[in-house]
Amino acid sequence: MSTTAPDPATRFWSPALRGLSAYTPGEQPQGTGWVKLNTNECPYPPSPLALQRMAEAVDDRLRLYPDPTALALRQTIAAQHGLRPEQVFVGNGSDEVLAHAFMGLLRHGQPVLVPDISYSFYPVYCALYGVPCQPVPLDEHFRVRVADYLQPNSGIVLPNPNAPTGIALPLDDIRWLLARNTGSVLVVDEAYVDFGAESAASLVDEFPHLLVVQTLSKSRGLAGLRVGFALGHVDLIQALTTVKDSFNSYPLDRVALAGAQAALEDEAHTASLTRRIVDSREWLARELTALGFECLPSRANFLLVRHPRHSAPRLQQDLRDRKILVRHFKQPRIAEHLRITVGSQPECEALVAALRELIDPVRHRDSKVTPA
């Protein structure tokens with residue numbers, strides 16, 4: 001019998017928490033003057049209509065609970081995707097929606113399959129809910145091979161585009177996998193889909209084991225509002241609703257419901273915002289390539305890059321010393337890569353100017369960033 005005394009700091013913790021490695025969010029610096037390219041936030045303000053509706057929602061109605069079914073918001077989402085409100089679930093950010101999916105749909109004894117380089121919250125959910133997690137390696141070009149997922153599983157989770165690689169799967173690959181993996185749910189996490197990838201929402205009516213998850217944090221500029229949603233067969237949505245109502249019947253407050261619906265209605269603003277980010281992404285990729293970086297082909301609002309002659313951790317620190325934040329992950333296959341959020345065009349230009357100085361300080365004295 002072990003005589004090791006329990007850690008006093010965790011003696012009241014549930015056993016499942018003691019070995020849990022929680023998700024680590026990107027740095028949120030205090031103070032001003034930072035160029036923040038480390039958390040894939042939108043560099044532009046949300047829809048003016050959304051801001052107006054949220055301001056109007058701040059009144060004496062806040063004494064009342066919000067609609068627990070979020071019916072008006074679900075109707076708006078359903079109409080945009082050619083679905084019925086019963087096929088839509090909303091939650092407090094797509095992270096909560098994903099957590100409910102892991103709890104309610106992916107616990108069947110077999111492992112959950114996820115890419116080996118992917119959103120690092122997926123293994124955390126598996127550990128939290130006692131689900132075996134089976135990483136499936138990306139190929140040598142950091143792409144998902146859907147045929148590798150034809151193995152016993154309790155479910156498959158694929159971010160599309162993938163994070164942190166930014167590489168997107170074509171819709172035909174997702175359809176191919178759905179047609180062959182019919183005994184478990186495929187969750188397609190589309191946090192970044194609006195920046196150039198194909199949504200699987202059009203397949204929801206065709207495949208009852210497909211759950212598509214999206215967020216308003218990226219392409220609608222509402223990361224601070226925390227609104228996400230899922231699209232799927234009514235049976236899948238009912239499972240998520242059962243988890244929600246066993247956990248928190250009111251995940252979205254009145255302000256969030258008003259702002260989210262307005263942001264979705266303002267499609268012109270979303271199109272303008274995403275177009276500006278895509279243009280800056282392509283400009284940034286060209287500039288980084290000219291500096292010797294290897295850039296993966298991204299369809300998201302970020303780039304995953306490496307420089308063959310410069311250490312990624314060193315570059316990250318040197319940029320931080322200049323008040324520019326980018327993200328570095330310590331996973332072996334990408335330990336020499338940096339994930340760079342596409343900021344506003346001036347922020348992208350500031351990053352390139354700093355990298356020019358760091359990578360070739362002699363030539364930097366006589367060079368200038370080429371405007372977009």
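The following dialogue examines how terms are applied to this predicted model.

Visitor: On what basis are local features and side-chain values reported?

Guide: This is a predicted model, in which local features need pLDDT of at least 70 and side-chain atom pairs count only at pLDDT 80 or more, while totals for chains, interfaces and linings use all residues. Residues are numbered from 1 along each chain as its sequence is written, and side-chain values use heavy atoms, with hydrogens and water left out.

Visitor: Why is Ser 118 called buried?

Guide: Buried means under 20% relative accessible area, exposed over 50%, and partly exposed in between, with a 1.4 Å probe and protein chains only. Ser 118 has 8% relative accessibility and therefore counts as buried. Ser 118 belongs to the loop between β3 (112–115) and α5 (121–129); helices (H or I, at least four residues) and strands (E, at least two) are DSSP runs numbered from the N terminus.

Visitor: What makes the pair of Ser 118 and Asn 162 a polar contact?

Guide: A polar contact is a pair of N or O atoms within 3.5 Å; within protein, one must be able to donate a hydrogen and the other to accept it, and residues adjacent in sequence count only if both atoms are side-chain atoms. The two side chains make such a contact at 3.3 Å. Leaving aside residues up to four places away in sequence, Ser 118 also touches Pro 159, Ala 163 and Pro 164, where contact means heavy atoms within 4.5 Å.

Visitor: How do you know that Pro 161 is buried, and what does Pro 161 touch?

Guide: Pro 161 has a relative accessible area of 1%, so the residue is buried. Pro 161 lies in the loop between β5 and α6. Its contacts, not counting residues up to four places away in sequence, include Asp 189, Tyr 192, Arg 299 and Ala 300. Pro 161 and Val 188 are 27 residues apart in sequence and 9.4 Å apart in space, C-alpha to C-alpha.

Visitor: What makes a set of residues a nonpolar core?

Guide: The set must consist of buried Ala, Val, Leu, Ile, Met, Phe, Trp, Tyr and Cys residues joined through side-chain atoms within 4.5 Å. The largest such core here has 53 residues, and Leu 73, Leu 210 and Leu 231 have the most contacts inside it. Helix α8 (residues 254–265) gives the most to this core, with seven residues. Apart from it lies another core, of 35 residues, among them Ala 285, Leu 288, Ala 300 and Cys 348.

Visitor: Why are β2 and β4 said to stand at the edges?

Guide: Two strands pair if DSSP finds at least two bridges between them. The open sheet of seven strands has the order β2-β8-β7-β6-β5-β3-β4, with mixed pairing. β2 (88–91) and β4 (133–136) each have a single partner strand, so one side of each is left without a neighbour in the sheet. From one strand to the next, the twist averages 20 degrees.

Visitor: How do you know that β7 pairs with β6 and with β8?

Guide: β6 and β7 are joined over four bridges in the parallel sense, and five bridges join β7 to β8, which run antiparallel. Val 212 stands opposite Val 188 and also opposite Leu 231 in β8.

Visitor: What makes β7 covered on both faces?

Guide: Leu 210, Val 212 and Gln 214 on one side, and Leu 211, Val 213 and Thr 215 on the other, are all buried. Thus six of the six residues of β7 are buried. In a regular strand the side chains alternate between the two faces of the sheet.

Visitor: How is the direction of helix α4 set against β7?

Guide: Axes are lines fitted to C-alpha atoms, for helices over the stretch in contact, and angles run from 0 to 180 degrees between N-to-C directions. Helix α4 (residues 93–105) runs at about 160 degrees to β7.

Visitor: Why are the buried residues of α10 placed on the same side?

Guide: The residues concerned are Ala 312, Leu 315, Asp 318 and Leu 319. They cover an arc of only 125 degrees around the axis, which puts them on the same side of α10; the arc is that of the directions from the helix axis to the C-beta atoms. What covers them includes β13 (338–341) and α11 (345–359).
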